[in-house]
Amino acid sequence: MTIYMLPGSTAPHENDLNDSDKRNLLDHFETTNYEIVVDGSGIDWEKIDEVEVVVASRDKGPSGWFIRNIYFGGQERYHVGVYSGRNELVLPNLSLPAARYVVRIIAYYLRNRVKYHGPTDFIATVED
């Protein structure tokens, strides 16, 4: 069974993001009508094959505890990956609202069927 993202009919709003998330995305993430850009590298919308969202893993030792509880305030973090053939763009360590925003903006700009792996409540999907 393969799960595909359904295109979004409206773009998500940045209102759901806190100032830190907005700054982070502004520094690392951009969308245009033609492509998605992460840290200066882009993939054309029609060339995206897959989008994946995973929980950011953390070391079980003291350093992992420090990063998870002190640096990120005990909140779960997510990596969002966008894949096209051998090319990949990854936005690491996003908050839940930021990861949802990124996935929903990708769905809004999609032009083709794109495989999706990740939390089911982020976007509308269809199984094939």
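Which residues line the second largest pocket? Before I list them, some ground rules. This is a predicted model, in which local features need pLDDT of at least 70 and side-chain atom pairs count only at pLDDT 80 or more, while totals for chains, interfaces and linings use all residues. Residues are numbered from 1 along each chain as its sequence is written, and side-chain values use heavy atoms, with hydrogens and water left out.

The lining of the second largest pocket consists of E14, K22, L25, L26, F29, E30, T31, Y101 and I105. Helix 1, strand 2 (29–31) and helix 3 each give two or more residues to that lining. Helices here are DSSP runs of H or I with at least four residues, and strands are runs of E with at least two, numbered from the N terminus. A pocket is an open set of points on a 1 Å grid over the protein atoms alone, where a 1.4 Å probe fits, with protein on both sides within 12 Å along at least five of seven lines; lining residues have an atom within 4 Å of a point.

The second largest pocket holds about 150 Å³ of space, a volume being the space filled by probe spheres set on the points, which are joined across faces, edges and corners. By class, its lining has 5 nonpolar, 1 polar and 3 charged residues. Nonpolar covers Ala, Val, Leu, Ile, Met, Phe, Trp, Tyr, Cys and Pro; charged covers Asp, Glu, Lys and Arg; the others, Gly among them, are polar.

The largest pocket has a volume of about 180 Å³. It is lined by 11 residues, and N24, R77, P92, N93 and L94 are the closest to its centre. Helix 1 (19–28) and strand 7 (87–94) each supply at least two lining residues.

Now the salt bridges, of which the structure holds 4. The criterion is a side-chain nitrogen of Lys or Arg within 4 Å of a carboxyl oxygen of Asp or Glu. One of them joins D121 and R100, with the closest N and O atoms 2.9 Å apart. D121 sits in the loop between strand 8 (115–117) and strand 9 (125–127), and R100 in helix 3 (residues 96–109), 21 residues apart. D121 is partly exposed because its relative accessibility is 46%; buried means under 20% relative accessible area, exposed over 50%, partly exposed in between (1.4 Å probe, protein chains only).

Another pairs D128 with R113 at 2.8 Å between the closest N and O atoms. Both D128 and R113 are exposed.
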